[in-house]
Amino acid sequence: MDRHKTTALIVVTDPITEQRFTCPYCWEQNETMVERQELPMELIEDCRVCCHPIQLRISIDASGRVQADAEPAA
Ligand SMILES: [Zn+2]
């Protein structure tokens, strides 16, 4: 299977936010709840559509933009 990487960028204003990411296997939209103060963080989420494990790297910059990189978990 091809290895894909997807990136989503949002601006966070709430302490807890719903971060969207695109499944790198089936391209469906998923969401995960992230706590702003825990960023940056890495986690593995299973796609709710195709159930493949997705490695997420969620980071935040100085202006509050949250970036989620989704890659297939090995
Ligand atoms: Zn999927």
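I began with the order of elements, and from the N terminus the chain runs β-β-β-β-β-β. The tally I noted is zero helices and six strands. A reminder to myself: this is a predicted model.

**Overall dimensions.** I looked up the radius of gyration next. The chain has 12 Å, which agrees with the value near 11 Å for a compact globule, because that is what 74 residues would give. Along the principal axes, I found that the C-alpha atoms fill a box of roughly 35 × 20 × 15 Å. I also checked burial: 14% of the 74 residues count as buried. For contacts with a separation of 6 or more, I noted that 38% come from residues 24 or more positions apart.

**The open sheet.** I traced four strands in an open sheet, in the order β1-β6-β5-β4, with antiparallel pairing. Its edge strands are β1 (6-11) and β4, each pairing on one side only. On average, neighbouring strands here are turned by 25° against each other, direction ignored. I then looked at β4 and β5, which run antiparallel and are joined by six bridges.

**The hairpin.** I moved on to β2 (residues 16-22), which pairs with β3 in the antiparallel sense over seven bridges. Arg 20 stands opposite Glu 31 in β3. Six residues lie between β2 and β3 in this hairpin, and in the turn I found Trp 27 with a positive phi of about 70°.

**The core.** Which residues make up the largest nonpolar core? I listed eight: Phe 21, Cys 23, Val 34, Cys 47, Ile 54, Ile 58, Ala 68 and Ala 70. The elements giving two or more residues to this core are β5 (53-60) and β6 (65-72).

**A loop residue.** Last, I looked up Glu 38, in the loop between β3 (29-35) and β4 (41-46). Is Glu 38 buried or exposed? I count Glu 38 as exposed, because this residue has 11 C-beta neighbours inside 10 Å and the cut-off for exposed is 12 or fewer. I also took the C-alpha to C-alpha distance from Glu 38 to Trp 27: they are eleven residues apart in sequence and 26 Å apart in space.

Key. Residues numbered from 1 in each chain as written. Predicted model: local features only at pLDDT ≥ 70, side-chain atom pairs only at ≥ 80, totals over all residues. Core = buried A, V, L, I, M, F, W, Y, C linked by C-beta atoms within 7 Å. Buried ≥ 20, exposed ≤ 12 C-beta atoms within 10 Å, placed from the backbone. Pairing = 2+ DSSP bridges. Axes fitted to C-alpha atoms, helices over the stretch in contact; angles between N-to-C directions. Rg over C-alpha atoms; globule rule 2.2 N^0.38 Å. Contact = placed C-beta atoms within 7 Å.
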